[in-house]
Amino acid sequence: MGSRDPETDNAKDEVTVLVTGFGPFGNNAVNPSHLIASTLPVSFTGENLPNIKILHASPIPVQYRVVRHVVPRIDFPPTVTKGGMEPFPPLDTLTPPRADDDLTHVDLPLETRPGFDFILHIGMAGPRKYYTMETCAHRDGYVARDQAGESFEHDTYWRDTYKSPEVLRPGFDVEDVWRRWKSDLMGVDVRPSNDAGRYLCDFTYYTSLVEYWRRDPGGKAPAMFLHVPGKIEDLDIETGRKVALGLIGAMVGSARRKEKEEEGAM
């Protein structure tokens with residue numbers, strides 16, 4: 001049963017990718033991560049890729065409590081259950097959490113299912129001039145204060161309630177994703193990274209990965225995080241757009257090849 005070539009057997013079906021960016025941060029009234037996310041096409045394809053449908057979320061507030069409340073509900077919409085998927089309202093239609101809400105405990109029922117085949121979170125990395133794909137996310141160490149002035153330095157919810165690992169990693173072959181990504185972006189400085197920064201980017205990444213881990217600790221979470229530079233000129237956003245599309249293509253291509261190889265080995 002191993003007669004198919006995983007590189008040339010181009011699947012004709014469609015996959016969905018959720019892409020998120022962040023709202024204002026510090027002195028940045030406009031966050032380049034959201035600008036880049038919002039410029040991505042509704043769909044695209046490429047050599048040896050299925051049709052890739054992109055769904056955009058409204059910008060995520062740079063606040064720990066809001067991220068812990070909202071991100072699981074984007075990734076695993078309550079309308080997605082074992083019985084199928086219903087249309088999920090966009091982020092901006094969710095009821096905004098009140099300032100006095102206790103959003104620390106936000107468990108979703110484990111029967112909820114992913115709303116998307118892949119997830120790409122995009123965040124800004126200050127004065128950095130290069131782009132990074134983050135290969136892991138961290139549970140603890142969120143000392144820096146968010147846009148609401150709150151630190152999560154002493155937060156132990158994931159550790160105590162879920163007993164989740166200190167570090168979680170996406171389910172991709174990250175070396176293969178990295179190879180595909182950089183080969184598609186000659187002349188652009190793109191790098192892998194194992195330190196997403198212990199701030200809202202890292203926190204958001206872990207929030208997504210831990211929801212997959214809760215449902216299947218040995219499974220393969222199809223989520224990735226992309227850090228982009230802080231500039232918002234037209235050329236910067238266009239470059240970021242190409243980088244994001246390249247990474248999405250690399251994620252999907254790598255995952256699909258692995259699926260086909262596993263099928264061929266059966």
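This is a predicted model: local features need pLDDT of at least 70, side-chain atom pairs count only at pLDDT 80 or more; totals for chains, interfaces and linings use all residues.

Trainee: What is the order of the strands in the open sheet?

Mentor: The 7 strands follow the order S2-S3-S1-S6-S11-S7-S10, and their pairing is mixed.

Trainee: Why are S2 and S10 said to stand at the edges?

Mentor: Strand S2 (43–44) and strand S10 (190–193) each have a single partner strand, so one side of each has no neighbour in the sheet.

Trainee: How do you know that S1 and S3 pair?

Mentor: Pairing takes at least two bridges. Strand S1 (residues 14–20) and strand S3 (residues 51–56) are joined by 6 bridges and run parallel, so they qualify as a pair. As an example, Leu18 has Leu55 in S3 as its bridge partner.

Trainee: Which strands does helix H1 touch?

Mentor: Helix H1 (residues 32–39) packs on the sheet against S1, S3, strand S6 (118–124) and strand S11 (223–228). The direction of H1 makes about 140 degrees with that of S6.

Trainee: Now the helices: why are H2 and H5 called oblique to each other?

Mentor: The axes of helix H2 (residues 64–75) and helix H5 (residues 200–215) come within 9 Å and cross at roughly 40 degrees. Roughly parallel would need an angle under 35 degrees, and roughly perpendicular starts at 65. H2 and H5 are therefore oblique, and their crossing is right-handed.

Trainee: What makes up the contact of H2 with H5?

Mentor: Among the residues are Tyr64, Val67 and Arg68 of H2, with Leu200, Phe203 and Glu211 of H5. The contact divides into 6 nonpolar, 3 polar and 3 charged residues.

Technical notes: Residues are numbered from 1 along each chain as its sequence is written. Side-chain values use heavy atoms; hydrogens and water are left out. Helices (H or I, at least four residues) and strands (E, at least two) are DSSP runs, numbered from the N terminus. Contact means heavy atoms within 4.5 Å. Axes are lines fitted to C-alpha atoms, for helices over the stretch in contact, and angles run from 0 to 180 degrees between N-to-C directions. Angles under 35 degrees count as roughly parallel, over 145 as roughly antiparallel, 65 to 115 as roughly perpendicular and the rest as oblique. A crossing is left-handed if the near helix is turned anticlockwise from the far one by less than a right angle, and right-handed if clockwise. Ala, Val, Leu, Ile, Met, Phe, Trp, Tyr, Cys and Pro count as nonpolar, Asp, Glu, Lys and Arg as charged, and the others, Gly among them, as polar.
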